[in-house]
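Subject: Structure for your review

Dear colleague,

Please find the sequence and structure below. A short account of what was found follows.

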Amino acid sequence: MAIVTVVETITANAQDVFKVLGDFGRIKVGGAITAFELEGDGVGAVRTITMGDGQVIERLDEHDSERLVFGYSILNEDNPLPVSNYSAHVEITANDENTCTVNWSGTFEPKGTDEAAASKVVRRIYTGGIAGTRKALGC
């Protein structure tokens with residue numbers, strides 16, 4: 001089982017970061033993402049992210065706005081990402097009123113490639129999500 005963890009500090013209030021990063025329906029169409037659909041609300045919600053000819057189907061497994069944590073897993077093994085048995089956990093910790101730390105960690109089995117290549121893709125997803133949060137919050 002491979003593990004990728006990205007830990008970054010964001011110059012923004014932890015609650016504000018959680019509102020953006022923890023919004024399971026916030027995926028935007030553009031770039032590699034050609035379509036997006038969300039079914040349900042809260043824990044158990046399922047989102048389908050279409051990337052070219054493939055889909056990544058994810059379920060929200062945990063979402064706690066008081067503890068500032070959420071977790072999700074990929075349901076379909078035929079997804080276009082180089083991973084299987086994937087699950088992730090995100091925790092946001094307030095450092096003070098205007099800065100926080102995001103700890104985004106995922107576990108998976110590499111699929112169709114080696115662990116280093118699969119880990120690089122996963123790390124890029126995490127750093128891209130954090131960068132998008134910074135952009136959305138103007139920080």
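The model is predicted, so local features need pLDDT of at least 70 and side-chain atom pairs count only at pLDDT 80 or more, whereas totals for chains, interfaces and linings use all residues. Residues are numbered from 1 along each chain as its sequence is written, and side-chain values use heavy atoms, with hydrogens and water left out.

Serine 105 belongs to strand β7, residues 99–110 (helices, H or I of at least four residues, and strands, E of at least two, are DSSP runs numbered from the N terminus). Beyond its neighbours within four places in sequence, serine 105 has contacts (heavy atoms within 4.5 Å) that include Ile3, Val4, Ser87 and Tyr126.

Seven strands make up an open sheet in the order β1-β7-β6-β5-β4-β3-β2, with antiparallel pairing (two strands pair if DSSP finds at least two bridges between them). At the edges are β1 (2–10) and β2 (35–39), each pairing on one side only. Strands β2 and β3 (residues 46–51) run antiparallel and are joined by five bridges. Phenylalanine 36 stands opposite isoleucine 49 in β3.

Helix α2 (residues 115–137) packs on the sheet and touches β1, β5, β6 and β7. The direction of α2 makes about 25° with that of β1 (axes are lines fitted to C-alpha atoms, for helices over the stretch in contact, and angles run from 0 to 180 degrees between N-to-C directions).

Yours sincerely
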